[in-house]
Amino acid sequence: MSRKILIVEDDASTAAYLAKGLGEAGYVVQTCGDGRDGLFLASEGIFDLIVADRMLPGLNGLAMLGAIRAAGVATPALILSALGTVDDRIDGLNAGADDYLVKPFSFAELTARIDAIFRRVDRGGAEGQPTKLSVGDLEIDLLARSVVRQGRTIALGAREFNLLEYLARHAGQVVTRTMMLEKIWNYHFDPGSNVVDVHIGRLRRKLEEGFSAPILHTVRGAGYRLSTEP
């Protein structure tokens with residue numbers, strides 16, 4: 001399967017140049033020219049890499065990337081920028097970028113850096129934590145970010161997938177609303193809303209509709225539990 005790259009670049013000629021070159025290199029490419037649109041698209045969690053300009057309209061590249069990371073999306077990111085001092089590069093990396101390339105750049109160097117990012121991702125998956133989780137008949141592929149139950153693929157949004165992954169890593173255990181707010185939403189306070197319950201409700205419908213056995217259980221007064229046991 002071809003890797004998907006999101007290009008967030010407001011200069012149309014640069015975006016077209018990148019899209020053409022990366023497309024010819026075998027990647028599936030989508031472009032947008034605004035930081036807010038980039039945040040919306042990246043938050044879906046369907047891309048393997050984000051390549052973003054630093055100076056963007058709507059939301060600058062570093063603010064966009066910070067918001068993406070705060071949403072729990074770990075998609076690797078490479079920042080492109082004409083700002084090339086040491087402090088500029090440090091700011092980009094501290095914002096959550098995996099690499100920082102100063103303009104003007106050669107396309108060969110860009111592709112080399114992209115290849116290096118994907119090698120690190122693949123190596124981390126092979127040597128680090130398990131790349132697949134299973135709970136009963138539910139199978140979760142963390143690299144492909146795909147979910148299958150009884151052979152049927154279940155489409156999830158980025159937040160739903162992150163929520164399911166967190167529950168699966170604590171399968172059989174009660175996960176409280178506070179734990180989910182901190183891990184998935186990066187809230188270290190109670191926002192006074194039912195955001196967790198709403199997302200759990202949507203996730204439960206996707207995981208259970210059309211299947212005979214429930215798998216996502218409510219533990220009254222405590223939280224939720226992902227388990228094949230009632």
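Four strands make an open sheet in the order β6-β7-β8-β9, and their pairing is antiparallel. Strands here are DSSP runs of E with at least two residues, helices are runs of H or I with at least four, and both are numbered from the N terminus. Two strands count as paired if DSSP finds at least two bridges between them. β6 and β9 (152-154) stand at the edges with a single partner strand each, so one side of each has no neighbour in the sheet. From one strand to the next, the twist averages 25°.

This is a predicted model, in which local features need pLDDT of at least 70 and side-chain atom pairs count only at pLDDT 80 or more, while totals for chains, interfaces and linings use all residues. Residues are numbered from 1 along each chain as its sequence is written, and side-chain values use heavy atoms, with hydrogens and water left out.

Now follow the sheet strand by strand. β6 (residues 132-135) and β7 (residues 138-141) are joined by 4 bridges and run antiparallel. K132 has D141 in β7 as its bridge partner. The two strands form a hairpin with 2 residues between them. In that turn, G136 has a positive phi of about 60°.

β7 also pairs with β8 (residues 146-149), again over 4 bridges in the antiparallel sense. I140 stands opposite V147 in β8. L138 has R149 in β8 as its bridge partner. What separates β7 from β8 in their hairpin? There are 4 residues between the strands, and R145 in the turn has a positive phi of about 50°.

α6 lies across β6, β7 and β8, and runs at about 115° to β7. Contact means heavy atoms within 4.5 Å. Axes are lines fitted to C-alpha atoms, for helices over the stretch in contact, and angles run from 0 to 180 degrees between N-to-C directions.

There is also an open sheet of 3 strands, in the order β10-β12-β11, with antiparallel pairing.

β10 is joined to β12 (residues 223-226) by 2 bridges, and the two run antiparallel. V175 stands opposite Y224 in β12. β11 and β12 are joined by 4 bridges and also run antiparallel. Here H217 stands opposite R225 in β12. The hairpin of β11 and β12 has 3 residues between the strands, and G221 takes a positive phi near 75°.

α6 has a helix partner as well. α6 and α8 (residues 195-208) pack at an angle of about 80°, with their axes 10 Å apart. That makes α6 roughly perpendicular to α8. Angles of 65 to 115 degrees count as roughly perpendicular, those under 35 as roughly parallel, those over 145 as roughly antiparallel, and the rest as oblique. On the α6 side, the contact is made by R159, E160, L163, L164 and L167. On the α8 side are H199, I200, R202, L203, K206 and L207. By class, this contact has 6 nonpolar, 1 polar and 4 charged residues. Ala, Val, Leu, Ile, Met, Phe, Trp, Tyr, Cys and Pro count as nonpolar, Asp, Glu, Lys and Arg as charged, and the others, Gly among them, as polar.

Now turn to another helix pair. The axes of α2 (residues 35-42) and α3 (residues 61-70) come within 9 Å and cross at roughly 25°. α2 and α3 are therefore roughly parallel to each other. Their contact is made by G35, G38, L39 and A42 of α2 and M64, A67 and I68 of α3. It has 5 nonpolar, 2 polar and no charged residues.

Finally, the record. UniProt, in an unreviewed entry, places the feature "domain: Response regulatory" at residues 4-118. UniProt positions follow the numbering used here, feature names are shortened, and annotations may be inferred rather than shown by experiment. Over residues 4-118 the chain is 45% helix and 21% strand. The end C-alpha atoms of that stretch are 11 Å apart.
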